[in-house]
Amino acid sequence: MDFMERALDLGTRALGWCSPNPAVGAVLVREGQIVGEGFTQVPGEEHAEIVALRAAGEAAAGAALYVTLEPCGHFGRTPPCTDAIIAAGVASVHAAMLDPSPWVSGKGIRALEAAGVETLVGERADDAERANEAYFKWMRTGLPFLTLKYAMTADGKIATRTGSSFWITGAEARRHVARLRSTVDAVMVGIGTVLADDPRLTAQPGELGLPELEPAHQPLRVVLDSEARIPLDARLVSGGLPGKTLVCATERAPAERLRALTERGVETAIVPENDGHVDVCAAMWLLGKREVTSVLAECGGTLAAGLIAAGAVDKVLAFIAPKIAGGNAAPTPVEGPGVDRMDQALPLRDPTWSVLGQDVLLTAYVRAHTEPDGAS
């Protein structure tokens with residue numbers, strides 16, 4: 001059995017719930033058998049290593065610990081994991097990667113080595129870094145990791161010329177999105193999407209045939225709405241939904257509109273504007289200060305273009321359905337003026353393709369315009 005793979009699988013269960021902490025999985029192995037395992041709990045509660053140690057009990061003595069991130073060696077919301085590992089008599093620690101945060105950054109490994117615990121670092125490091133890509137970006141920059149997600153027909157339309165968009169993709173793709181929402185801190189849309197679709201933006205995988213994933217973590221619902229035009233009877237306002245809704249408006253928003261939203265339990269924030277719209281960079285800084293590490297943008301083409309132009313997009317998820325909608329007036333995933341030449345198009349890196357029922361999912365990362373071809 002690949003014990004590090006098991007640890008990685010466990011870590012995914014913590015996504016969403018443990019933010020702003022990294023999602024970590026841990027497995028204790030003795031004589032080739034798993035004697036304890038766990039994943040990071042909500043902030044202020046036990047880290048993955050402590051959960052695994054408690055499950056193992058006395059069997060932890062002499063065991064090997066497989067963990068997806070370097071154990072912490074400092075006092076934060078909880079005591080150092082390294083102290084507990086040493087006290088339990090763990091013989092060796094296999095860490096997929098070092099924790100680059102300045103408050104850890106090798107200190108945990110050094111503490112273990114000083115206590116005579118064998119340490120090995122680097123197994124499945126790439127997989128471990130991808131698993132916590134949002135945490136690492138937020139920790140290094142203070143900004144959330146933003147994933148732009150859209151569904152389109154084979155001819156690149158996100159709706160028909162009349163605005164009809166339900167449903168472009170099939171059940172498998174929609175189940176994938178339900179799982180995805182439960183792993184991110186926030187879901188972002190623009191006011192245009194709210195007015196057109198009246199979405200809920202909740203993570204409710206049970207409604208799509210995944211009851212085993214309930215109860216699901218509910219992301220913060222973020223609406224960029226410069227003039228606070230969101231209807232008071234919109235489901236994001238009055239739908240009695242689990243989780244919270246935040247409307248980011250500008251100083252042009254009428255005070256009475258903001259007050260009405262607040263009275264209905266919607267949080268509002270005033271952010272600077274750029275070219276008549278909410279400044280997306282300012283909105284991202286606001287979310288970062290709120291310890292939002294990951295954002296899933298499920299927006300229309302106008303906001304998508306703005307996010308890309310601002311350099312805010314880190315990852316793209318493009319669901320492609322085997323359908324043809326046609327129409328000069330039918331909207332596309334990224335609107336705006338676009339580029340003049342194809343060699344100016346934004347390149348995406350590390351593309352992977354997945355089949356979800358009859359649909360195809362492209363997953364790729366954004367490459368800076370200044371990077372040469374083949375750069376990472």
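Predicted model: local features only at pLDDT ≥ 70, side-chain atom pairs only at ≥ 80, totals over all residues.

Biologist: Helices first. At what angle do helix 3 and helix 4 pack?

Modeller: Helix 3 (residues 81-88) and helix 4 (residues 107-114) pack at about 25 degrees, and their axes are 10 Å apart. An angle under 35 degrees counts as roughly parallel, so helix 3 and helix 4 are roughly parallel to each other.

Biologist: Which residues make that contact?

Modeller: On helix 3 they are Thr 82, Ile 85 and Ile 86, and on helix 4 they are Gly 108, Ala 111 and Leu 112. By class, the contact of helix 3 with helix 4 has four nonpolar residues, two polar ones and no charged ones.

Biologist: And is the crossing of those two right-handed or left-handed?

Modeller: Helix 3 and helix 4 cross in the right-handed sense.

Biologist: OK, now helix 2. How do helix 2 and helix 3 cross?

Modeller: Helix 2 (residues 48-56) crosses helix 3 at roughly 25 degrees, with the axes coming within 9 Å. That makes helix 2 roughly parallel to helix 3. The crossing of helix 2 and helix 3 is left-handed.

Biologist: What makes the contact there?

Modeller: Helix 2 brings Glu 49, Ile 50 and Leu 53, while helix 3 brings Cys 81, Ala 84, Ile 85 and Ala 88. The contact of helix 2 with helix 3 counts six nonpolar residues, no polar ones and one charged. Ile 85 turns up in the contact with helix 4 and in the one with helix 2.

Biologist: Which way do the residues point?

Modeller: Leu 220, Val 222 and Leu 224 point one way from strand 8, Arg 221 and Val 223 point the other way, and all are buried. In a regular strand, side chains alternate between the two faces of the sheet.

Biologist: Which strands does strand 8 pair with?

Modeller: Strand 7 (residues 186-190) pairs with strand 8 in the parallel sense over five bridges. Strand 9 (residues 245-249) also runs parallel to strand 8, joined by four bridges.

Biologist: What stands opposite Val 222?

Modeller: Met 188 stands opposite Val 222, and Leu 246 in strand 9 stands opposite Val 222 too.

Conventions
Residues numbered from 1 in each chain as written. Heavy atoms only, no water. Axes fitted to C-alpha atoms, helices over the stretch in contact; angles between N-to-C directions. Parallel < 35°, antiparallel > 145°, perpendicular 65-115°, else oblique. Left-handed = near helix turned anticlockwise from the far one by under 90°. Contact = heavy atoms within 4.5 Å. Nonpolar A, V, L, I, M, F, W, Y, C, P; charged D, E, K, R; others polar. Buried < 20%, exposed > 50% of the residue type's maximum accessible area, 1.4 Å probe, protein only. Pairing = 2+ DSSP bridges.
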